[in-house]
Amino acid sequence: MRKSLGRHYLQIPGPTNTPLPILAAIAKPTIDHRGPDFAVLGLDVLTRIRSVFRTKAPVVIYPTSGTGAWEAALVNTLSPGERVLMFETGWFSTLWSRMTQALGLEAEIIAGDWRSGVKAELIGQRLRADPDRAIKAVAVVHNETSTGVASDIGAVRRAIDGAGHPALLLVDTISSLGSIEYRHDEWGVDVTVGGSQKGLMLPPGLGFNAVSDRALAASRTARLPRSFLRWDEMLAANATGYFPYTPSTNLLQGLKVALDLLDEEGIENVFARHRRAALATRRAVARWGFETQCRDEREHSSSLTAVRLPEGHSADALRREILARSNLSLGNGLGPLADRVFRIGHLGDFNDTSVLGALASIEMGLRTRGIPHGKGGVDAAIEVLAGNAMPVAEAAE
Ligand SMILES: *Cc1c(COP(=O)(O)O)cnc(C)c1O
């Protein structure tokens, strides 16, 4: 079979599918990043990106992947040897804690089970047992992309405040920004870390830091070495719409259109579309008779679903089969979940057809691999999608 038959279906939880209007904007000629046209673009995206984070604070945009923005959050606010309290939600929280150690900080990790979210009460408990204020920051992942678990960030802020502790709150919203409700200001987050290639529907290559006043104040005395990722030079240049070094000009052209698309749909509608696809997906998984990696009904992510295959069956072999047969990419299991779990992305630019196509291809893969499963998963998803259909006019667009 010709591998390129039909189009490729990218249903991984990032990078996500980039809509054609965004691709067209990226394909436009690169402009002079020191010229007058650039300042118009720069001011536009730097101003409007704030609403996606629900903040009035500045948002720094780096030409990096999300990992670079993780590093920026740490090196701008902390000094060598300082302690960061982190919660182990899964693979991404683990990578962030490894980076924290590698940068010469001390990562103190509250162990988790990779099936549930941040336990805010444990953070509060630990902070109350820190009378000397040795902990300088609390760092958590909002939407843990390895497990499909979303945590309550407002509860983490209340736990920090309840303990009367001055630690900064650093949050990774890389796979939830523009897909799951997120409120930087209201939740009292000090640095929010984002990336371009998930809910913002762009290719990889932009990293974001939303920076609170307290974080900015901390950056004036922080002593970790930093140069490329410095906030101060960035914010100074951003004031007039420019960057201290060459930005990802074309991705910023794409970002402008991504913000237009989010505005056009309405951010609340964007969140609702993700919730609905997630529910349809979970109903299919339940009908197949499989467990989701997320164990708590209140913590299911709306941007992806991590599915546990029954013991003795290889999730990677299933994904390989589905890629070969259906030209559909699914996310792999990460770290200890390798080969046990596969992840369905319902994130960014998708519609009911994307969701149903993915579920039908998975169901076919289960059948051809001989993995025992309950029949009617796609039907169960249709029940959800048909019962709460988009208005016809919108669906027809
Ligand atoms: C994708 C992702 C990252 C990693 O970002 P990169 O762009 O690959 O550097 C970090 N955290 C979470 C929660 C993610 O989903």
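The structure is a predicted model, and every value below was computed from it. Two helix pairs come first, α10 with α13, whose axes lie 7 Å apart, and α5 with α6, whose axes come within 8 Å.

**Helix pairs**

- Two packed helices are described by the angle between their axes and by the distance between those axes.
- Helix α10, which spans residues 267-288, packs against helix α13, residues 377-387, at an angle of about 150°; because angles over 145 degrees count as roughly antiparallel, α10 and α13 are therefore roughly antiparallel to each other.
- The crossing of α10 and α13 is right-handed, and the α10 side of the contact consists of Arg276, Leu279, Ala280, Arg283, Ala284, Arg287 and Trp288, while α13 contributes Gly377, Asp379, Ala380, Ala381, Glu383, Val384 and Leu385.
- Sorted by class, the residues in this contact of α10 with α13 are eight nonpolar, one polar and five charged.
- In the second pair, the axes of α5 and helix α6 (residues 153-162) cross at roughly 20°, which makes α5 roughly parallel to α6.
- The crossing of α5 and α6 is right-handed, and here Ala120, Ile123, Gly124 and Leu127 of α5 meet Ala155, Val156, Ala159 and Ile160 of α6.
- By class, the contact between α5 and α6 has seven nonpolar residues and one polar residue, with no charged residues.

**A helix with a buried side**

- Helix α7, residues 213-221, has Ala215, Leu216, Ala218 and Ser219 as its buried residues; these cover an arc of only 160° around the axis, which puts them on the same side of α7.
- The face of α7 turned away from that buried side carries Asp213, Arg220 and Thr221, which are exposed.

**Single residues, buried and exposed**

- Gln253 lies in helix α9, residues 249-265, and counts as buried because its relative accessibility is 11%.
- Apart from its neighbours within four places in sequence, Gln253 is in contact with Ala25, Ile26, Lys28, Pro29, Thr30, Ile31 and Leu41.
- Gln293 is placed in the loop between β11 (291-292) and β12 (304-308), and its relative accessibility of 2% means that Gln293, too, counts as buried.
- Leaving out neighbours within four places in sequence, the contacts of Gln293 are Trp114, Arg115, Thr147, Ala306, Arg308, Leu337 and Val341.
- Gly90, in the loop between β3 (83-87) and α4 (91-102), has 0% relative accessibility and therefore counts as buried.
- With neighbours within four places in sequence set aside, Gly90 is in contact with Trp114, Glu144, Ser146 and Thr147; Trp114 and Thr147 are also among the contacts of Gln293.
- Gly90 and Pro58 are 32 residues apart along the chain, and their C-alpha atoms are separated by 29 Å.
- Arg320, by contrast, is found in helix α11, residues 315-326, and counts as exposed because its relative accessibility is 57%.
- The C-alpha atoms of Arg320 and Gly357, which are 37 residues apart along the chain, are separated by 17 Å.

**Backbone features in loops**

- Most residues other than glycine have a negative phi, and most peptide bonds are trans.
- The peptide bond from Gly14 to Pro15 is cis, with omega near -5°, and Pro15 lies in the loop between β1 (9-11) and α1 (20-26).
- Arg54 has a positive phi of about 50° although it is not a glycine; this residue lies in the loop between α2 (36-52) and β2 (59-62), where its relative accessibility of 25% means that Arg54 counts as partly exposed.
- Arg133, likewise not a glycine, has a positive phi, near 60°; Arg133 is in the loop between α5 (120-128) and β5 (135-141), and it is partly exposed, with a relative accessible area of 28%.

Methods:
Residues are numbered from 1 along each chain as its sequence is written. This is a predicted model: local features need pLDDT of at least 70, side-chain atom pairs count only at pLDDT 80 or more; totals for chains, interfaces and linings use all residues. Side-chain values use heavy atoms; hydrogens and water are left out. Axes are lines fitted to C-alpha atoms, for helices over the stretch in contact, and angles run from 0 to 180 degrees between N-to-C directions. Helices (H or I, at least four residues) and strands (E, at least two) are DSSP runs, numbered from the N terminus. Angles under 35 degrees count as roughly parallel, over 145 as roughly antiparallel, 65 to 115 as roughly perpendicular and the rest as oblique. A crossing is left-handed if the near helix is turned anticlockwise from the far one by less than a right angle, and right-handed if clockwise. Contact means heavy atoms within 4.5 Å. Ala, Val, Leu, Ile, Met, Phe, Trp, Tyr, Cys and Pro count as nonpolar, Asp, Glu, Lys and Arg as charged, and the others, Gly among them, as polar. Buried means under 20% relative accessible area, exposed over 50%, partly exposed in between (1.4 Å probe, protein chains only). The arc is that of the directions from the helix axis to the C-beta atoms.
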